[in-house]
Amino acid sequence: MKLFSKECFRVLKKNKYCAVLIGDIRKNKNVIPLGFYIMNIFIETGFTLKEIIIKEQHNCKRIGYWSQNQNRDFYLLAHEYIFIFKL
């Protein structure tokens, strides 16, 4: 993603926007905040963060499984982030 953000920074014109849609993941019952890792990479590259939009996910593929198995000790990740960056 560092190479991608640098290339976006290189080709994007001044005062234009770049939007990135990404969601977090869970590994071993722990959240890995991929969205915020990506956000930081773009900021470190030189972009300005203009907005964070939280997009609610509907009809997740795994919802049926989780509604039947109530013995869990974590919440479903039912959202994604849309980061709006400006150059």
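This briefing covers the salt bridges and a nonpolar surface patch of the structure above. The model is predicted. The salt-bridge count comes to 2: Glu-7 pairs with Arg-10, and Lys-55 pairs with Glu-80. A nonpolar patch on the surface is formed by Phe-36, Ile-52 and Ile-54.

- In the pair of Glu-7 and Arg-10, the closest N and O atoms are 2.5 Å apart.
- Both residues belong to helix α1 (residues 2–11), where a spacing of 3 residues, about one turn of the helix, separates Glu-7 from Arg-10.
- Glu-7 has a relative accessible area of 37% and is therefore partly exposed, since this value falls between the limits of 20% and 50%.
- Arg-10 is classed as exposed because its relative accessibility is 59%.

- The closest N and O atoms of Lys-55 and Glu-80 are 3.1 Å apart.
- This pair links distant parts of the chain, as Lys-55 lies in strand β4 (residues 48–56) and Glu-80 lies in strand β5 (residues 79–86), 25 residues apart.
- With a relative accessibility of 30%, Lys-55 counts as partly exposed.
- Glu-80 counts as buried because its relative accessibility is 17%, and buried means under 20%.

**Nonpolar surface patch**

- Together, Phe-36, Ile-52 and Ile-54 have about 260 Å² of accessible area.
- Phe-36 is located in helix α2 (residues 34–45).
- The relative accessibility of Phe-36 is 31%, so this residue counts as partly exposed.

How values were computed. Residues are numbered from 1 along each chain as its sequence is written. This is a predicted model: local features need pLDDT of at least 70, side-chain atom pairs count only at pLDDT 80 or more; totals for chains, interfaces and linings use all residues. Side-chain values use heavy atoms; hydrogens and water are left out. Patches are made of residues with over 30% relative accessible area and no salt bridge: like charges are joined within 9 Å, nonpolar side chains (Val, Leu, Ile, Met, Phe, Trp, Tyr) within 5 Å. Accessible areas come from the Shrake-Rupley method with a 1.4 Å probe; for residues, only the protein chains shown count as cover. A salt bridge is a side-chain nitrogen of Lys or Arg within 4 Å of a carboxyl oxygen of Asp or Glu. Helices (H or I, at least four residues) and strands (E, at least two) are DSSP runs, numbered from the N terminus. Buried means under 20% relative accessible area, exposed over 50%, partly exposed in between (1.4 Å probe, protein chains only).
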